[in-house]
Amino acid sequence: MPHPAAHRAAAHLATIRQHWAELLLAIETPPADVWPPRQLAHMLRPDDEGPLDVLDRAPLVLRQHPAPLNVEALDAGLDIEHDLFELADRLAAAVQRADLDDPRRWNFRSATDPGSRAHGLHWAAAYVEGRLLDEDTDDELLDDGRLVAAPFFPVPERLLREGARVAHQCAGRLLRVLQLDQRATPIPGRPCPWCGGELTLHTGPDEGPSVTCAWGPQCPAPVPLAPAGRRMWEWHALPALVAALDDAEQREEAPAVAA
């Protein structure tokens with residue numbers, strides 16, 4: 001049975017895979033302080049800018065970045081890819097059979113060939129997860145009845161703990177740079193359009209962003225109350241809040257009309 005540290009590492013690796021496309025989008029999006037949340041900023045891009053396609057991209061470490069709009073996101077992505085690629089190298093050197101001829105193997109890079117790194121972060125994360133969970137470590141029975149040796153050996157505990165540490169650090173950095181770690185951040189200069197109360201943005205790794213108003217049930221905003229007794233705009237209601245905030249800002253900036 002896999003070690004508990006392996007299951008924790010697998011959860012962190014799943015988080016990285018889940019949010020990797022969003023990090024690629026963040027590299028091409030100017031950083032925002034607090035508002036709007038990054039996920040919503042992608043949805044609100046002007047139509048003439050077109051969609052940001054993140055499919056069929058070369059790994060970050062294998063492509064040029066002449067003018068990234070968010071250097072912090074690019075640095076995080078490069079570091080995370082590098083750390084997972086290096087971890088895959090170490091695991092393959094320790095547990096992969098030397099005579100293995102199997103599509104599940106990890107191929108080392110050379111001076112002229114990036115090896116399995118060419119397949120990008122998703123493949124590296126899947127490979128690391130399989131090794132930490134001791135997958136494919138039992139001898140295998142082929143269709144012709146032959147019994148062949150397992151393609152991988154069980155991972156040593158020292159390397160398991162190292163892999164769990166790397167996965168934890170990479171997932172944490174990814175969530176922080178995307179502002180998806182657990183936090184509650186006041187939205188500066190954007191009071192509630194209905195009551196003028198302070199708005200707070202709430203984010204977390206396993207939930208969509210939401211916004212609450214500090215005035216509680218006295219606020220007449222057309223959204224439900226959160227368990228804490230504050231008006232809350234959940235993910236699906238945030239575009240309407242953005243529109244209301246923009247309208248309020250335009251009214252405030254409009255020149256006064258003489259009577």
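Strands here, like helices, are DSSP runs numbered from the N terminus, with at least two residues (E) for a strand and at least four (H or I) for a helix. Two strands count as paired if DSSP finds at least two bridges between them. Keep in mind that this is a predicted model, where local features need pLDDT of at least 70, side-chain atom pairs count only at pLDDT 80 or more, and totals for chains, interfaces and linings use all residues. Residues are numbered from 1 along each chain as its sequence is written, and side-chain values use heavy atoms, with hydrogens and water left out.

**The sheet**

β4 and β5 make a hairpin, with two residues between them. Stepping back, the open sheet has four strands in the order β3-β4-β5-β6, with antiparallel pairing. β3 and β6 are the edge strands, each pairing on one side only. On one flank, strand β3 (residues 183-186) is joined to β4 by four bridges; on the other, β5 pairs with strand β6 (residues 232-233) over two bridges.

Here is who faces whom across the strands:

| Residue | Stands opposite |
|---|---|
| Threonine 185 | leucine 201 in β4 |
| Threonine 200 | threonine 212 in β5 |
| Leucine 201 | valine 211 in β5 |
| Histidine 202 | serine 210 in β5 |
| Valine 211 | tryptophan 233 in β6 |

Buried means under 20% relative accessible area, exposed means over 50%, and partly exposed is in between (1.4 Å probe, protein chains only). Helix α6 (residues 238-253) lies across β4, β5 and β6, running at about 40 degrees to β5. Axes are lines fitted to C-alpha atoms, for helices over the stretch in contact, and angles run from 0 to 180 degrees between N-to-C directions.

**The helices**

Now for helix α3 (residues 71-95) and helix α4 (residues 120-132): their axes come within 9 Å and cross at roughly 40 degrees. That is why α3 and α4 are oblique to each other; angles under 35 degrees would be roughly parallel, over 145 roughly antiparallel, 65 to 115 roughly perpendicular, and the rest are oblique. Among the residues making the contact are Leu84, Phe85 and Leu91 of α3 and Leu121, Tyr127 and Val128 of α4, where contact means heavy atoms within 4.5 Å.

Arginine 17 sits in helix α1 (residues 4-27). At 23% relative accessibility, arginine 17 counts as partly exposed. Which residues does arginine 17 touch, leaving aside its neighbours within four places in sequence? They are His122, Ala125, Ala126 and Glu129. With alanine 125, the C-alpha atoms are separated by 7.4 Å, although arginine 17 and alanine 125 are 108 residues apart along the chain.
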